[in-house]
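This report covers the pockets of one protein model and the surroundings of its ligand.

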Amino acid sequence: MKKKIAVLKGDGIGPEIVTEALKVLKKIGEKCGHEFETEELFFGGASIDKYGEPLTDETLNICKNSDAVLLGAVGGPKWDNVDKDKRPEKGLLKIRKELGLFANLRPTKLYKELENSCPLKKEIIKSGIDFVMIRELTGGVYFGKKETKEVDGMIVATDEMKYTEEEIRRIGVIAFDTARKRNKKVTSIDKSNVLDTSKLWRKIMHELSEKYSDVKYEDMLVDSASMQIIKNPSGFDVVVTENMFGDILSDEASVLAGSIGMMPSASLGSTKLGLYEPIHGSAPDIAGLNISNPIGTILSVAMMFRYSFDMENEALLIEKAVEKVLADGYRTTDLFVEGTKKLSCSEMGDTISKTI
Ligand code: IPM
Ligand code: MN
């Protein structure tokens, strides 16, 4: 099968991790007889440097006309002082919005081999950690009206948080459908004791839970959820929450997987076109040192096969290879402990590709 993939390496460690993910893509192509046409495009800070904006219309159009988008990371201190509407992060928000990618799937899985890298006690992790956070991605406070103005000599800043019932329903449907394919449990996280958006969120989720009577359903307040992720992570199967709560809680969850460098994500909408990126940032402090962990990006490629290409076998080949390489004791710097074998970013990419 032939597929077209737009590749946005971005900034910081973005180029190194995506380079490794492309090796894996190439290997799958050879092994399974697929053809991948990749087109590399400037994005984020790199695009600001070249074109003066983080995402050009041309880049956006190429992404829209691709089967999938593979992304590294954006941002860095170099662009901290650019106009707020031209920051690298704005490019990321714009591409999510323009491609209609309202559902961000962030699986948290603690591999057996990495149990030593998980900071939780053995008795807490003994039942395993394997859940997926489904973060609403194109609504809420990220996309509400923003304003900073002076009122009676005082500077006042406002960020509006808004959700329509339709935005809530469509992410809820994704959560319940996902749960049906997993362990049939949905935890919806909100702050309905304070926020109107959360009250509406909870109402719509309850309506859906009645239609999905085969799926166990629970509500959880976001403050309490942040405790439960640490106290009882095995209690989660599918977690669904709004944009900003999901941003915060998914970083918290990533610690459980041993390193944020392990965490992939898929951003999906109502078509097969998806965007795949690790959840970590551009890590400018280690950029160019070839010590970053490419596994989050490589696992994002596995998600690309699963969700955009409907190629479950290819997805499993990648996931199994990652597991095997970890079982063989290979680690990048972030995961390294005494008794394991330390690999650079490029060596990790090579080792996983060879294992496939
Ligand atoms: C993420 C990132 C982004 C977000 C930033 C870079 C805008 O933290 O993908 O989690 O907040 O969505
Ligand atoms: Mn984040």
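## Ligand 1

A residue counts as near a molecule if one of its heavy atoms lies within 4 Å of it. On that basis, ligand 1 is surrounded by E89, L92, R96, R106, R135, Y142 and D247. The model is predicted: local features need pLDDT of at least 70, side-chain atom pairs count only at pLDDT 80 or more, and totals for chains, interfaces and linings use all residues. Residues are numbered from 1 along each chain as written, chains are lettered from A and ligands numbered from 1 in written order, and side-chain values use heavy atoms, without hydrogens and water.

Polar contacts are pairs of N or O atoms within 3.5 Å. A polar side-chain atom of Y142 is 2.6 Å from an oxygen atom of ligand 1. For R96, a side-chain N or O atom is 2.7 Å from an oxygen atom of the ligand, and for R135 the corresponding distance is 2.8 Å. Ligand 1 taken alone exposes 320 Å², of which the protein buries 78% (Shrake-Rupley accessible areas, 1.4 Å probe).

## Second largest pocket

A pocket is an open set of points, on a 1 Å grid over the protein atoms alone, where a 1.4 Å probe fits, with protein on both sides within 12 Å along at least five of seven lines; lining residues have an atom within 4 Å of a point. Volume is the space filled by probe spheres set on the points, which are joined across faces, edges and corners.

The second largest pocket holds about 370 Å³. It is lined by 19 residues, and those closest to its centre are L92, R96, R106, D247 and I279. At least two lining residues come from each of β3 (68–73), α4 (88–98) and α9 (243–256) (DSSP runs: helices H or I of at least four residues, strands E of at least two, numbered from the N terminus). The largest share, four residues, is from α4. Domain 1 (1–106 + 260–356) and domain 2 (119–257) each supply at least three lining residues, with bounds from an automatic or database domain assignment.

## Largest pocket

The largest pocket has a volume of about 900 Å³. Its lining has 30 residues, with P107, R182, M303, R306 and Y307 closest to the centre. Elements giving two or more residues are β4 (103–109), β5 (130–136), α6 (165–180), α10 (295–307) and α11 (312–327).

Because domain 1 and domain 2 both contribute to this lining, the largest pocket lies between them.

Note on methods:
A polar contact is a pair of N or O atoms within 3.5 Å; within protein, one must be able to donate a hydrogen and the other to accept it, and residues adjacent in sequence count only if both atoms are side-chain atoms.
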